[in-house]
Amino acid sequence: MADDTKSLAQGLKRRDPELLDLLIEQYQYRLFRYLVYLTSSRERAEDFFQETWIRVLERGHQYDGKSKFEAWLFAIARHLVIDWQRQKKMQSLDELTDPGQDQPLQIEAQNEPSPLHQVLSHEEEASVQDSLGRVPAIYREVLLLRFQEELGLEEIAAVLAAPLSTVKSRLYRGLEAVREAMQGGAA
Amino acid sequence: MSNEMHARAEKLIARERVEGLAGEEREWLANHLRECPDCTRLAQQTDAALHSLRQNPIPFPAGLAARTQFRVRLRAQELQEREPQRRLVWIICGMSWALGVATAPYVWRAFEWVGQRTGAPKFVWELGFGLWWTIPALVAAAVLLMEKAGRPGESDWLSQEK
């Protein structure tokens with residue numbers, strides 16, 4: 001892995017377009033999913049998706065290859081979202097996602113793989129999204145990074161630029177919140 | 001079974017999924033779950049919730065990857081084209097700095113002479129000398145800012161209120 005990330009770092013330093021094409025394809029689903037969770041909006045996630053890769057191109061020389069590429073990628077995406085929130089005169093992502101003011105996760109489905117899949121999974125998907133929408137975004141984010149992206153706790157701390165203890169406490173609270181939300185959704 | 005045991009089990013169920021458990025704790029939890037249907041249900045609900053989270057499909061927009069690749073390539077080309085210009089700016093800055101250092105004693109005397117001729121207080125012409133030194137940096141900053149301002153498409157949408 002170390003060799004892979006080193007050669008990746010070198011390629012990013014060179015701004016190798018072939019490499020970037022490959023990375024965009026490789027990480028497209030994971031990055032987009034993360035952005036959707038972070039912004040609660042597909043449309044906005046699409047904008048941030050493009051902007052994140054532009055930023056990867058421009059700041060590629062800053063990736064040192066010592067950590068996982070996805071952790072660095074998610075950190076860039078997260079910073080972009082936070083910068084945008086600040087531009088909107090919001091104080092922080094945490095404030096935006098205050099449990100009391102949290103907006104439900106609204107994902108309008110489009111361009112699904114197949115109509116059949118859409119019909120079959122629609123109910124379950126809607127139910128899961130509805131339940132997840134009730135989980136505050138700061139918790140949704142760490143849950144996604146831990147249980148979908150399977151990042152280590154230290155890697156999540158690096159993405160969030162937060163202490164390990166904060167990551168753990170968010171994970172525990174998030175786990176509780178998602179369990180309650182699912183129970184509530186099922187009830 | 002005491003409430004403390006249930007509370008401990010609840011904590012361990014969460015910790016097992018977040019951080020993992022050491023052998024002794026894992027064993028304790030497994031024994032407890034064998035005897036406690038309530039905590040077993042809690043563990044199952046937690047797993048079900050995480051399973052749903054993992055399985056939650058978010059369809060990827062068609063063409064987004066291709067559009068992004070296109071934008072990234074355009075930007076890469078643009079950066080490549082600007083690289084020599086930027087290098088030129090830095091070379092000029094370096095030369096200007098070197099010339100500034102070499103001519104500093106003469107410039108100092110020139111400012112002193114102008115100060116004496118005009119009767120300006122010492123701190124005024126000294127300040128003028130200091131500002132003289134910032135000119136190359138200001139020019140370089142202006143060039144870089146102009147370059148940034150002229151960069152099309154960058155974060156246009158970021159500055160828009162949605």
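Predicted model: local features only at pLDDT ≥ 70, side-chain atom pairs only at ≥ 80, totals over all residues.
Q: What percentage of the residues of chain A is buried?
A: A residue counts as buried if 20 or more other C-beta atoms lie within 10 Å of its own. For the 187 residues in chain A, the value is 40%.

Q: Among contacts in chain A between residues at least 6 apart in sequence, what percentage joins residues at least 24 apart?
A: In chain B, residues 24 or more positions apart account for 50% of the contacts with a separation of 6 or more. In chain A, the corresponding value is 73%.

Q: Why is helix H7 of chain A described as largely enclosed by the rest of the structure?
A: Helix H7(A) covers residues 137-148. Its buried residues include Ile138(A), Tyr139(A), Leu143(A) and Phe147(A), and also Arg140(A), Glu141(A) and Arg146(A). The helix is largely enclosed because the buried residues number eleven of the twelve.

Q: Which residue just after H7(A) takes a positive phi?
A: The residue in question follows helix H7(A). Its phi is about 55 degrees, and the residue is Glu150(A).

Q: Which residues touch the most other members of the largest nonpolar core?
A: In soluble globular proteins, nonpolar side chains tend to be buried together. The largest nonpolar core here has 60 residues, and its largest share, eleven residues, comes from H2(A). The residues that touch the most other members are Leu35(A), Ala77(A) and Val178(A).

Q: Which residues does Leu35(A) touch, not counting residues up to four places away in sequence?
A: Leu35(A) is one of the residues that touch the most other members of the largest nonpolar core. Leaving out residues up to four places away in sequence, its contacts are Ala45(A), Phe48(A), Phe49(A) and Ala77(A).

Q: Which helix gives the most to the side of chain A that touches chain B?
A: The contact takes 44 residues from chain A and 35 residues from chain B. On the side of chain A, H2, H3, H4, H6, H7 and H9 each supply at least two residues. With ten residues, the helix that gives the most is H2(A).

Q: How do the residues of the side of chain A that touches chain B divide into nonpolar, polar and charged?
A: Chain A brings 44 residues to this contact. They divide into 23 nonpolar, nine polar and twelve charged.

Q: At what angle do H3(A) and H4(B) pack?
A: Two packed helices are described by the angle between their axes and the distance between the axes. The crossing of H3(A) and H4(B) is right-handed. Residues in this contact include Phe49(A) and Trp53(A) of H3(A), with Arg71(B) and Val72(B) of H4(B). The axes are 9 Å apart, and the angle is about 35 degrees.

Q: Is Ser67(A) buried or exposed, or partly exposed?
A: Ser67(A) is found in the loop between H3 and H4 of chain A. It touches Trp72(A), Glu155(A) and Ala158(A), not counting residues up to four places away in sequence. Because Ser67(A) has 15 C-beta neighbours inside 10 Å, it counts as partly exposed.

Q: Where in chain A is confidence lowest among the helices, and where is it highest?
A: Chain A averages a pLDDT of 79, and 74% of the residues score at least 70. The lowest confidence is in helix H5 (residues 93-96), at a mean of 52, and the highest, at 94, is in H3(A).

Q: What ipTM does the predictor give the complex?
A: Chain B averages a pLDDT of 82, while pLDDT stays under 50 over residues 153-162 of chain B. For the complex, the predictor gives a pTM of 0.67 and an ipTM of 0.72.

Key: Residues numbered from 1 in each chain as written. Chains lettered and ligands numbered in written order. Helix = DSSP H or I, 4+ residues; strand = E, 2+ residues; numbered from the N terminus. Contact = placed C-beta atoms within 7 Å. Nonpolar A, V, L, I, M, F, W, Y, C, P; charged D, E, K, R; others polar. Axes fitted to C-alpha atoms, helices over the stretch in contact; angles between N-to-C directions. Left-handed = near helix turned anticlockwise from the far one by under 90°. Core = buried A, V, L, I, M, F, W, Y, C linked by C-beta atoms within 7 Å. pLDDT = per-residue confidence, 0-100.
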